[in-house]
Amino acid sequence: MLGSLQIFGSLSLLQAVASQQIWDIWQTTWDRNMLFTYFQHTDPVNFVTPATIGSANIAINDSSVYQTVYGFGASLTDSSAELLNNLKAQNSESYWQLMDYLFNATDAANSAGLSYIRVPLGATDFSANVYSYDDTSGDTSLNNFNVSAAPSDVFSVLQDILSINHMTRFHIMPWSPPGWMKSGGTMLGGSLNIQYINTMANYLLKSVQAFSDKGIPIYAIGIQNEPENSDSTYPTCNMPVATEAQIGLALRTLLNNHGFSGVKIIGYEHDWVDAANYPVQLMQQAGSAFDGVSFHCYQGSVSDQALFTSQYPNKEVYFTECSGTLGSDWWSDIKVFIWDLSCIRRNELISFIGSISYGSSSGLMWNLALDGSGQPSLPGTDSCSGGCRGVVQINSNGTWSVNQEFYAMAQASKAILPCDAGGPWGQRIGVSVSGSLGWALVVGAYKTGRVLSSDLNRYSIVVLNWDDSASTTGNPQPVEATIEFRGMQATYTFPLGVTTLWWYASN
């Protein structure tokens, strides 16, 4: 288990000194010698008059500013909440160490600052049993709606997260409507009977109200998780575009009329592979209701997001689910997750640079916490063949460890967290990579503004070096790169792994 956590005093020197100098570096290396490790070189990495470029050249264009990134995280399923709350009961000190390591977003804290949490409304494939918030057949008035049908663990953990990171955004959605609203009368597969479109919109409104009453502010709500999936072994629902569109239109009116006009409605919530169809048609039919759409990683590639954003550049995009698999290779996963969340799905970090590079404002994994066997899950479910892995592994003896998903997200998160209390989140800016080893680096670049205009902005890059062509012989390839910024040049050698570094400069 990770040792004691600490908050570093100030990661950066006085801005007058630190401007145009790289002091602060976070690193995770392929051999695990560095695991989200913070350090400073004895002397800063200076930006100087340009000379010969390195084997790779990272050119940053901060005049090209794109979407704001609101954070990274995972889903708090019933299973995750149960394990976390059990840890709290068994070993409170260990629990709070873990929660701080995951969620503390204070600038300079030795923690990931995860800030975006998805919460299922009712049961999923990671619940102890099948339930909704109203299982009374025919209750179209929803008189028996009760959010406390969810395990109390869920709200306890949500409140603990919020106590550590008040900036956390909560994104809720059902895996299925109540069974009595559906064909077949069950939450396990099937589709919504269209006579219940307005009832379902009211069900979602009541969910927002209930979370709010429990002190959990809702940032966004989805209509249906994975609407093109119907599986008879766990809560799912096939929902045609027209049905989701009608529910969205009804829900937008209800939210506006009940004091929740600021809650975003995010549609689709399914794989990249259909990015050119379902989400596009949803915007065509109900664009006024939906603020944007979200994507999952299981089919297609991250570049498919462009098939949506090219047609709806003003709609928001979120990346909200990807799961690691038990027994997979640690370093290969790091690469995939960074690319998917950053760029493409072949390894972890690719996720956290790939998806952001294609317009996402978030990067999320699936279960926040599971045990070492990918449990507990819904009895009889056929999901997660091979076993899903949580961001955190919680053990029965009251210990925990973080998995590769954590390191990929933590490295990306450090680049976009606010510098100041109440300050703006990081925005993606332009970056390109060239040179003979340019192919070896996947790079995301970000600018984080300040509360006071007199303070210097922070500029960050997250760099994946995946040049492991010789790693089978124990000889991974570091890449010496030059970094170009506003006509100046810095030089840094990136080891095989993920490096996050930053510097300060005027706007």
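Reader: In this predicted model, which residue of S23 stands opposite Glu-480?

Author: Strand S22, residues 479-485, runs antiparallel to S23 in this predicted model, and 7 bridges join the two. Within S23, the residue that stands opposite Glu-480 is Thr-493.

Reader: Which strands stand at the edges of the open sheet?

Author: The open sheet is formed by 9 strands with mixed pairing, in the order S3-S2-S24-S21-S20-S19-S5-S22-S23. Each edge strand has a single partner strand, so one side of each is left without a neighbour in the sheet. The strands in that position are S3 (37-39) and S23 (488-494).

Reader: By what angle are neighbouring strands of the open sheet turned against each other on average?

Author: The sheet in question has the strand order S3-S2-S24-S21-S20-S19-S5-S22-S23.

Reader: Is Gln-27 buried or exposed?

Author: Gln-27 has its place in strand S2. Its contacts, not counting residues up to four places away in sequence, include Met-34, Leu-35, Phe-36, Tyr-492, Val-498 and Gln-411, and Gln-411 is one of the buried residues of H11. The relative accessible area of Gln-27 is 6%, and because the cut-off for burial is under 20%, Gln-27 is buried.

Reader: How many strands form the closed barrel?

Author: The barrel runs S6-S7-S8-S9-S10-S11-S12-S14, and its pairing is parallel. From one strand to the next, the twist averages 25°. The number of strands in this closed barrel is 8.

Reader: What is the bridge partner of Ile-172 in S9?

Author: Strand S8 covers residues 169-173 and strand S9 covers residues 220-222; the two pair in the parallel sense over 2 bridges. In S9, Ile-172 has as its bridge partner Ile-221.

Reader: Which residue of S14 is the bridge partner of Val-317?

Author: S14 is joined to S6 by 3 bridges in a parallel run, and Ser-75 stands opposite Asn-367 in S14. S14 is also joined in parallel to strand S12, residues 316-321, by 2 bridges. S14 is mostly covered, with 8 of its 8 residues buried. In S14, the partner of Val-317 is Ser-360.

Reader: What is the relative accessibility of Gln-305?

Author: Gln-305 is found in helix H8, residues 305-309. Leaving aside residues up to four places away in sequence, Gln-305 touches Trp-272, Phe-295, Val-317, Phe-319, Ser-355, Tyr-358, Gly-359 and Ser-360. Gln-305 counts as buried, because its relative accessibility is 0%.

Reader: Which strand gives the most to the lining of the largest pocket?

Author: The largest pocket has a volume of about 490 Å³. Of the 27 residues that line the pocket, the closest to its centre are Glu-226, Tyr-234, Tyr-298, Glu-321 and Cys-384. Strand S10 (264-271) and strand S13 (324-325) are the elements that give two or more residues to this lining. The element that gives the most, with 3 residues, is S10.

Reader: How many charged residues are in the lining of the largest pocket?

Author: The lining residues of this pocket divide by class into 8 nonpolar and 10 polar. The remaining class, charged, has 9.

Reader: What is the volume of the largest cavity?

Author: A search of the whole structure finds 1 cavity of 30 Å³ or more. Residues that line the largest cavity include Asp-107, Lys-414, Arg-458 and Trp-502, and by class the lining has 5 nonpolar, 1 polar and 3 charged residues. The volume of the largest cavity is about 30 Å³.

Definitions and conventions:
Residues are numbered from 1 along each chain as its sequence is written. This is a predicted model: local features need pLDDT of at least 70, side-chain atom pairs count only at pLDDT 80 or more; totals for chains, interfaces and linings use all residues. Side-chain values use heavy atoms; hydrogens and water are left out. Two strands pair if DSSP finds at least two bridges between them. Helices (H or I, at least four residues) and strands (E, at least two) are DSSP runs, numbered from the N terminus. Axes are lines fitted to C-alpha atoms, for helices over the stretch in contact, and angles run from 0 to 180 degrees between N-to-C directions. Buried means under 20% relative accessible area, exposed over 50%, partly exposed in between (1.4 Å probe, protein chains only). Contact means heavy atoms within 4.5 Å. On a 1 Å grid over the protein atoms alone, a cavity is a set of points where a 1.4 Å probe fits but cannot get out, and a pocket is an open set with protein on both sides within 12 Å along at least five of seven lines; lining residues have an atom within 4 Å of a point. Grid points are joined across faces, edges and corners, and a volume is the space filled by probe spheres set on the points. Ala, Val, Leu, Ile, Met, Phe, Trp, Tyr, Cys and Pro count as nonpolar, Asp, Glu, Lys and Arg as charged, and the others, Gly among them, as polar.
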